[in-house]
Amino acid sequence: MGLELTRRDFLKLSAVAGAGVLLSSHGLRFLKPVRAQGIVGEEKERYVPGICAMCPADCNILVRVRNGRVERIMGPEWFPSPKNKNKICARGNSGIFRLYNPDRLKQPLIRDDKNLRGTWKGFRAASWNEAYKRIADHLKKLVAEGRSREIAILGGWLSCEVYRTYLFPFLRAVGSPNGLGTPTSQCFFPKAFGWTSVIGLGMHSQILTDYDNVNYLIVMRRNIAGSIPVVHGVRFGQNLGRYKKVVVIDPRFSETAAKADEWIPIKPGTDLALLLAMMNVIIGEKLYDEDYLKKYTNAPMLLTEELKPYKTIKGKNGKIKYYVWDKAGNRAVLHEEAAEPALEGTYTTKDGVKVKPVFEFLKEKVKDYTPEWAENITDVPAAKIRNLAREFATTKPAAIDTGWHGARHANEMMTWRAAGIVNALVGSLLKTGGIIFTGEGLELPKASTPPPEYVSVVWGEKHHIPLAAAGMSAQALYDAMAKGDPYPIKTLFVIATNPVLNICGRVECGEALKKLDMLVVIDILPIDTAAYADIILPEHTYLERDDPLFNMPYAPAVAVETRFKAVDPLYNTRHVIDMMVGILKAMGEDYYEKYWEYLGAEINVDASKLREYYERYGVRGIMLAQAETRKIPLDELMKKGFVVLEREDEVRRKDLELLEKGELPTPTGKVELFSLKLFELLEGCPKEKILYCLPLVEWAPPEILNKRRSDDEFYVAYGKVPTMTHTSAADNPMLQRLTPTQDYRVWINRESAEKLGIRNGDKIIVKSLKSGREVEAIAFVTEHVRPDTVWLSWDFGQHSEKLRFKQDFPTVTYSDLLIPDYEPLAGAAKKAEIIVKIRKA
Amino acid sequence: MTRYAMIIDLNKCLGCEACAAACIAENRRIQALKTIEKAAGSSDAYKKVRDFWLRTRVIPVYTGKYPFSKLVFMHNICLHCDNAPCVAACPTGATYQRPDGIVLVDHTKCIGCQYCVYACPYGARAWDPEINAIDKCTFCEHLLAEGQPPACVQTCPAHARIFGDLEDPESEVARIVRENKNVHRLGSDWRAKAGVFFVVNPEFKELAGNPKFPDKEEELEKHQPLYRLAGWGVFALTVLGLAGHIIYWTAKKSGEEGEA
């Protein structure tokens, strides 16, 4: 509606003016339904801008529509997005088959018999009003009984990334503090915090490897090509051939390794040892960037012998000022006053305190982490490590990639922190060709304090998990559901996530869900978790919905973006925001009004305007109110789906400015080789786990280190395949068609397989020594994985009988191999801390 | 003159299969939706969708020995050859090559004999019951006509598929063919000259062992008798089958005979 742009219109590059004619710049007129009257036969094709929702990378797309049907989804060909340029991947191209998937949930379903949970029996079709009323009555009862905190929302990446802002006001309205997301603790938090401890930001939407300018790139614990978030893939891929060297550190020969100059098959979980040895070489051979360290990092910061900051004061801009040793005046001075800050040496201050700069401590710390020491742990030859470190430090600009997922090992945070420090040593952070902040990174609002009753806060305090709240620990939710620890959660909304597959322990998670008073599952497909639901609410696909205005993540630009409905909903489905609002409306006017009040406060838009626009135009009204308030040009937004507010050069300039001015979002505003944030958290860290949260760096072994005892036992490296992302893809018929056979299988090294009599294509039994469970799988016997490690994809293993396009042979349900178990800093997952036993079936 | 050509840079291809997915959406969407609908009603839905034919595919080829492992993503697509065996094999002239090099099938003339399917060395054609004709890559000529690149080229994140006019010295394809030493034109020593070029490092020359990638003369020689045999077979089958087909064809498409 109002989006009748033809291909020809787009081809005209003067289309901005053209669009102005087509779409009134006055915000509301275009919303009037312009129903094409009397048109028989072929409708003209239209291009509707949107945002892909097949994976969390949020690519900007154009949807080609004719006669009310989606014909093709493509990248924004005529106005490249600062995120994915004009490209999309196989998943994005296959979005049509998510929309037209006959397995979709087509109407609300209610099940009255709780005993049938875990099966698909007993569901009946219901009206939206009945479903809303049932939920509303239940919630009102809880509120009346003062049991609001028993309510929680668990969101998937889509809800977490873009809809959380619209879900939290719902929770507030019903008095619950409990909004949690599976991506945070189950996917990336420990990695993100590792980066945050160095540069103040660390989510993959906030930081970006400068693929366009880096010359020497090290990629570890990730697979850019094989997971292909296009924002990274397009930059990494188009620069192939330009890099001086790409090194991939991975136990398995990934798609990214295929593009690399060197593959280092490291022992799983030991990347930290390799990074520490790199520090040893770079510092020992004085290959570090001394100027960078003095100017932009807290390497000169004086610490006492107990490894505590000597003296700090809080500056006017909220940043912490610290003391350094000024070699010019031979005394301790505030860092900004030093003419010649010392990086090395031991000094005694006027007040008689023995102090050393952070860098001196670091130097001493890594002295013993020699390449020979690391070879023993990592199984990477010392000469290779030495060479890697030398090349990395002398081929500038060089960077260790940001990573994406990071919840594999107990030492996840420390590993990424070390990666950050190695980058700092060669002067790469926030510099061209290194790691830069994205537009979202620059724009991020100040973190809010979680409500004191938030389940992760209470749980974290009880179990001494200092970052449980920041990491939205799903373990806290699991314990609350399963054991009432720290208090019971009895009513759960699961929105666009599949906890039985995503939270560690499929069986345990299912049992916990069975204990709930009410489980509402909001999804597009009948996923495994939906079988445990009392109420299933079907959602629009991303091609059938309008959306609010979002800040653009991932891109090196500041921009806003939104989705426009490409086609009318195929079935009796609704937008998740409509559902939340509908439930509150059924609870009563008070609740409904509160939603708009809280939402208005959250997004800085007048609450009455939000309500009015929503009532007139639905979810699109929310976008309009936001766009009007933020003065976003609507015609451009309508045409492109995004509006760039600050371009890449501006973002890069601001990145450098933050570095120059010492205003990074770290406590000191500097790149922190000694993390004051970690120092602060040290108290909350249990003694036996202190290795994993020290504020400098430290060798913290993975739990599985050297635990492989026999030829039939293996470490597990898992990863992604390019055609799949969680539930959005696993039942997509055409993505199933495109998935290469070996990607469904368990990769096992040829020699190791021969010892066990396993041949390619054999059925095997994978037994997890952690969960004790055995699962069937098919073996891919290959030269492309370490002999002591098996590799498999996390994306398969759905059990739901309603997903008809899932594969018809055994694949591993990864959560079957795990138990609810968490890393020490954030209560996040540590999914690769398992050993499996393999035998021929 | 225009000679449309595609370059597939295997050094850049990330193996993501965006090309194959874009091709389904652009060119075989209706067939895919029908396949899905039929599969959903069957007890072996997965098998049915796995059998869905693709105009272009990405084939990961794993070689090397640990830890010197190697992986390259081979592509399968119609090469739009000059002197194409499929054109030669077609008894009705349904398969033809346009002056700009694109090999197409005229659906109205196709009688479904599938000789071209057997004649094609690259497995790039298949009988499509939904359109009642042979289906194959068209270089998205319907998009070219509107000034858009083929769907696979448009979507490729790594810019590994490059499209343009070989006769235009300024074009990217002409420049790469001219300058890149690692460009291979399949069949260059044989009578069929391909319109699709591959950029591939010498280390992957061993791929020539794959019958879908015969880039060495010996390999082609090895395959050639097969084509000759196929050619004779085609001839014999044509003689035997033509009469029957013509009866079927005239009955079915009599209205279009003027065009034929």
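In this predicted model, residues 24 or more positions apart account for 72% of the contacts in chain A that have a separation of 6 or more. Chain A holds 31 helices and 31 strands, and 62% of its 841 residues count as buried. Because a compact globule of 841 residues would have a radius of gyration near 28 Å, the 27 Å found for chain A agrees with that expectation. Taken along the principal axes, the box filled by the C-alpha atoms of chain A is roughly 85 × 65 × 60 Å.

Just after helix 18, His464(A) takes a positive phi of about 55°.

Turning to the interface, 50 residues of chain A are in contact with 44 residues of chain B. The elements of chain A that give two or more residues to the side touching chain B include helix 1 (7–11), strand 3 (69–74), helix 9 (230–238) and helix 30 (733–738). By class, that side of chain A has 25 nonpolar residues, together with 13 polar and twelve charged residues.

Note on methods:
Residues numbered from 1 in each chain as written. Chains lettered and ligands numbered in written order. Predicted model: local features only at pLDDT ≥ 70, side-chain atom pairs only at ≥ 80, totals over all residues. Helix = DSSP H or I, 4+ residues; strand = E, 2+ residues; numbered from the N terminus. Rg over C-alpha atoms; globule rule 2.2 N^0.38 Å. Buried ≥ 20, exposed ≤ 12 C-beta atoms within 10 Å, placed from the backbone. Contact = placed C-beta atoms within 7 Å. Nonpolar A, V, L, I, M, F, W, Y, C, P; charged D, E, K, R; others polar.
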